[in-house]
Amino acid sequence: MKYKLSQFGLDFDKIEECLKTNWKLVLSIVLTMVIVLAIVSFTVFFLVVKSPEKVLVPDLVGKNLPQALEEMQSKELYPRVRLRYSGSPDDKGSVLEQKPVAGAIVKAGRRIEIVVSNGAVLNQVEDYVGQSIDQVRAHLQTLFAASSRPMITLPDAPSYQEDDSEAGIILSQNPQPGTDLVEPITLDIIVSSGPGNEKATIPYLIGMTMADVHVRMARTKLVFQFSGEATENAKEVPGSVVSQRWPEDGATELATYSWIDVKLAIPKEPVDGITYGIYETALPPYPYALDVSLEAKTPDKEEYTIVAFKHHGGKITIPYAVPVGTTLVLEVLGQENSKLTVQ
């Protein structure tokens, strides 16, 4: 028995006509189903795929590098190693720090940053005899800048004795050079305070300009105590030396770093945009004369040294002639001590 499709109520002409009329709607339905099917497929895929396992970060600090690597490998963790000098030669090869810290929960495959000791930067005591204590102090600070504990430090108050050597020169040390460093030490040193009977010739300053005075300050082992007086004579050059006090006994020499009173002609108001004055402050007493300088930073960002000389501490006075708004910085051994902005 044969059947016709028309017997089942299917009219292809009407279906074709309907598709022609509503093809946009049909296409939208098909695309929507495809997109929905794709979203469902991706969702099922990511749900099925297993995410990385989470692990506990082990405690690596204090362990040697091979042991630390073995523990990380067992947890499927990977190292990022950084070397650093430490305070003891015994620390060489051991882990000093880690990140993330022990006990943190991370995904397997994570990189763990570890800092490994490269040992002590010094294994033996160096020879410092004949060197300036200031240079040695700066050298040690640089040497152990990255160490948690410096292996060698200098005493805050070393022993001083008179010697023909320049002041500040190390005369002896203990422990001796070549001694093995097994733990941090404070070096026992004796430092020269300079010759006890050294003399310096008194320079004649009257009439000198301020620039010439700065040159004498740098070259003479004497301390000038400056004061100022207002310029009244039109012939007086601003900043020039008006007078100086001489020893009552008529001596032409004094013990090094003795005081000499010097008076300058200091205008009350700026002259052609230049302010004249005397920088005055107080320094702690030093066992010997240290390097001191007065630095200038102008409003135009120009930087220069007004004068550099040696001073043994106490009251300090320095004449200056700078543009208005200049910042003056007093430095001792290259470190800022005080500063002033000239108005």
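Q: Two strands pair if DSSP finds at least two bridges between them. In β5, which residue does R84 stand opposite?
A: The model is a predicted one. Strand β2 (residues 78-86) pairs with β5 in the parallel sense, over eight bridges. Within β5, the residue opposite R84 is S117.

Q: Which residue in β5 is the bridge partner of Q98?
A: β5 also pairs with strand β3 (residues 95-99), over four bridges. Here the sense is antiparallel, whereas β2 and β5 pair in the parallel sense. The bridge partner of Q98 in β5 is I114.

Q: Why is strand β5 (residues 111-120) said to be largely enclosed by the rest of the structure?
A: Buried means a relative accessible area under 20%. Strand β5 has 10 residues, and it counts as largely enclosed because the number of them that are buried is seven.

Q: In what order do the four strands of the open, antiparallel sheet stand?
A: The edge strands are β18 and β21 (335-341), each of which pairs on one side only. Direction ignored, neighbouring strands of this sheet are turned by 20 degrees against each other on average. Written out, the order is β18-β17-β20-β21.

Q: Is S293 buried or exposed?
A: S293 is found in strand β17. The relative accessible area of S293 is 11%. The cut-off for buried is under 20%, so with 11% S293 counts as buried.

Q: With the side chain of which residue does the side chain of S293 make a polar contact?
A: S293 belongs to strand β17. The polar contact spans 2.9 Å, and the partner is the side chain of E295.

Q: In what order do the three strands of the mixed open sheet stand?
A: The edge strands are β12 and β13 (241-244), as each pairs on one side only. From one strand to the next, the twist averages 30 degrees. The order is β12-β15-β13.

Q: In β15, which residue is the bridge partner of E229?
A: β12 pairs with strand β15 (residues 259-265) over seven bridges. The sense of this pairing is parallel. E229 has as its bridge partner in β15 the residue A265.

Q: Which strand gives the most residues to the lining of the largest cavity?
A: A search of the whole structure finds one cavity of 30 Å³ or more. The elements that give two or more residues to the lining are β12 (223-229), β18 (303-311) and β19 (314-323). The residues that line the cavity include F309, K310 and H311. With three residues, the element that gives the most is β18.

Q: What is the volume of the largest cavity?
A: Among the residues that line the largest cavity are M217, F224 and I316. By class, the lining has six nonpolar, three polar and one charged residue. The volume is about 80 Å³.

Q: What is the volume of the largest pocket?
A: The largest pocket is lined by 24 residues, and those closest to its centre are E166, A167, Y257, Y288 and A289. Nine of the lining residues are nonpolar, eight are polar and seven are charged. α4 (133-143) and β17 each supply at least two residues of the lining. The volume is about 430 Å³.

Q: Which element gives the most to the lining of the second largest pocket?
A: The second largest pocket has a volume of about 350 Å³. Its lining has 16 residues, and D134, R137, Y288, L290 and L333 lie nearest its centre. By class, 10 are nonpolar, two polar and four charged. With five residues, the element that gives the most is α4.

Q: How far apart in space are D59 and M72, C-alpha to C-alpha?
A: D59 lies in the loop between β1 (54-56) and α3 (65-74). D59 counts as partly exposed, with 44% relative accessibility. In sequence, D59 and M72 are 13 residues apart. In space, C-alpha to C-alpha, they are apart by 9.8 Å.

Key:
Residues are numbered from 1 along each chain as its sequence is written. This is a predicted model: local features need pLDDT of at least 70, side-chain atom pairs count only at pLDDT 80 or more; totals for chains, interfaces and linings use all residues. Side-chain values use heavy atoms; hydrogens and water are left out. On a 1 Å grid over the protein atoms alone, a cavity is a set of points where a 1.4 Å probe fits but cannot get out, and a pocket is an open set with protein on both sides within 12 Å along at least five of seven lines; lining residues have an atom within 4 Å of a point. Grid points are joined across faces, edges and corners, and a volume is the space filled by probe spheres set on the points. Ala, Val, Leu, Ile, Met, Phe, Trp, Tyr, Cys and Pro count as nonpolar, Asp, Glu, Lys and Arg as charged, and the others, Gly among them, as polar. Axes are lines fitted to C-alpha atoms, for helices over the stretch in contact, and angles run from 0 to 180 degrees between N-to-C directions. Buried means under 20% relative accessible area, exposed over 50%, partly exposed in between (1.4 Å probe, protein chains only). A polar contact is a pair of N or O atoms within 3.5 Å; within protein, one must be able to donate a hydrogen and the other to accept it, and residues adjacent in sequence count only if both atoms are side-chain atoms.
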